[in-house]
Amino acid sequence: MGDTLEYTDEEAQQEESTFKTPPARARRQLVRERLDFQPDDNVLSIGCGPGFEPAEIAEGIGQNGHVHAIDQSEAMLTLAEQRCSSTSNITLSRADAVALPFADDAFDAAVAVQVYEYIENLDTALAELARILRPGGRAVVYDTDFDSLIWHATDQERIGAICEAFNDHCPRPHLGSQLAPHLRNVGLAVEWVEPNSILNTRLDEETFAYHLMEAIKTYVVTRGKITEDVATAWIDDLQETDDLGNTFFNLTQYLYVIQKPNE
Ligand SMILES: C[S@@+](CC[C@H](N)C(=O)[O-])C[C@H]1O[C@@H](n2cnc3c(N)ncnc32)[C@H](O)[C@@H]1O
């Protein structure tokens with residue numbers, strides 16, 4: 001099992017940069033479409049990160065709707081507060097997904113994008129999701145399976161070792177393909193599962209690959225898993241591969257539409 005990531009300010013800002021990229025915006029749009037919330041809905045954003053998710057959901061909600069957003073990271077909440085402070089129908093709070101500070105059946109809809117893969121105590125967190133949704137309420141849960149990652153470099157052995165070391169950044173790097181039985185075990189019905197591939201064929205600040213590269217380097221070096229020299233050589237390799245026009249990065253993530261059955 002890996003050690004769960006607690007974000008430093010630098011790591012939170014790196015995540016924020018990743019979430020500004022076109023593929024991250026596109027996946028949030030896909031999540032909102034599949035969540036299909038209604039204007040008056042009370043929506044919970046679990047693990048809201050730097051706040052793009054609640055800000056964009058709130059735009060689509062009417063005066064009587066509300067978005068509650070929680071995260072356990074102070075660094076992330078600071079960014080989310082900056083992003084959401086001018087919106088009256090968002091409430092942000094620090095909370096843990098395994099002990100949600102809300103009443104039973106409180107929400108019409110909920111969303112958790114790349115959150116449960118970070119949670120050791122997954123079944124408790126999913127039981128909390130089931131508890132706070134009203135009967136008939138819907139949620140979108142979205143997670144990665146890092147086994148799906150294809151990333152070309154000249155030295156494939158080195159990139160393999162670095163990505164393997166990065167898998168320790170969360171306790172469940174393969175959750176995306178393993179969620180359904182966990183959801184059913186807490187009484188949630190899985191309505192729909194679909195893949196969302198993030199494909200980059202270049203390496204620049206508009207790409208997910210570029211920011212993931214930076215985040216991986218920060219993580220593996222500061223946690224002492226890979227030396228600075230090896231990580232720098234890896235980045236040089238990816239940049240040379242890109243100079244030749246040969247970048248190929250593909251990561252597949254999985255979106256689950258779920259419902260709490262009517263009693
Ligand atoms: C990869 S980010 C995703 C952020 C956001 N869902 C998005 O897609 O824009 C994962 C977030 O989950 C949060 N998180 C991880 N474990 C959590 C937990 N047990 N309770 C609440 N938040 C958690 C992290 O602090 C981080 O902000």
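Ala, Val, Leu, Ile, Met, Phe, Trp, Tyr, Cys and Pro count here as nonpolar, Asp, Glu, Lys and Arg as charged, and the others, Gly among them, as polar. I begin with that convention and will return to it for each space in the structure.

Good morning. The structure is a predicted model, in which local features need pLDDT of at least 70 and side-chain atom pairs count only at pLDDT 80 or more, while totals for chains, interfaces and linings use all residues. Residues are numbered from 1 along each chain as its sequence is written, and side-chain values use heavy atoms, with hydrogens and water left out.

Let me turn to the pockets and cavities. Both are found on a 1 Å grid over the protein atoms alone: a cavity is a set of points where a 1.4 Å probe fits but cannot get out, and a pocket is an open set with protein on both sides within 12 Å along at least five of seven lines. Lining residues have an atom within 4 Å of a point. Grid points are joined across faces, edges and corners, and a volume is the space filled by probe spheres set on the points. Helices (H or I, at least four residues) and strands (E, at least two) are DSSP runs, numbered from the N terminus.

The largest pocket holds about 860 Å³ of space. Its lining comprises 49 residues, and those nearest the centre are Tyr7, Glu15, Met76, Gln114 and Tyr118. Several elements each supply at least two residues to this lining, among them α1 (9-19), α2 (22-35), α3 (52-59) and β8 (249-259). By class, the lining has 25 nonpolar, 13 polar and eleven charged residues.

The second largest pocket has about 190 Å³ of space. It is lined by 13 residues, with Phe146, Leu149, Ile159, Gly160 and Cys163 closest to the centre. Two or more residues of this lining come from each of β6 (150-151) and α6 (156-166), and α6 provides the largest share, six residues. The classes here are eight nonpolar, three polar and two charged.

How many cavities of 30 Å³ or more does a search of the whole structure find? There are two. The largest cavity has a volume of about 50 Å³, and its lining consists of Arg28, Val31, Arg32, Phe52, Glu53, Glu56, Ile57, Val111 and Val113. These divide into five nonpolar, no polar and four charged residues. Which element gives the most to this lining? It is α3, with four residues.

Helix α3 deserves a moment of its own. Seven of its eight residues are buried, meaning under 20% relative accessible area, where exposed is over 50% and partly exposed lies in between (1.4 Å probe, protein chains only). The buried residues of α3 are Phe52, Glu53, Pro54, Ala55, Glu56, Ile57 and Ala58.

The second largest cavity holds about 30 Å³ of space. Trp151, His152, Leu203, Leu238, Thr241 and Thr247 line it, and they divide into three nonpolar, three polar and no charged residues.

I come next to the ligand. A residue is near a molecule if one of its heavy atoms lies within 4 Å of it. The ligand is surrounded by 21 residues, of which Gly47, Asp71, Asp96, Ala97 and Val113 are the closest. Polar contacts are pairs of N or O atoms within 3.5 Å. A nitrogen atom of the ligand is 2.9 Å from a polar backbone atom of Ala97. For Gln72, a backbone N or O atom lies 3.4 Å from a ligand nitrogen atom.

The UniProt record, in an unreviewed entry, places the feature "domain: Methyltransferase type" at residues 44-140. Such annotations may be inferred rather than shown by experiment. In the model, the end C-alpha atoms of this span lie 11 Å apart, and the span is 31% helix and 30% strand.

Finally, two points about the backbone. Most residues other than glycine have a negative phi. Asp36, however, has a positive phi near 55°. Asp36 sits in the loop between α2 and β1 (42-46) and is partly exposed, with a relative accessible area of 47%. Asp105 also has a positive phi, near 60°. Asp105 is placed in the loop between β3 (90-94) and β4 (107-113), and its relative accessible area of 35% makes it partly exposed.

Thank you for your attention.

Definitions and conventions: A polar contact is a pair of N or O atoms within 3.5 Å; within protein, one must be able to donate a hydrogen and the other to accept it, and residues adjacent in sequence count only if both atoms are side-chain atoms.
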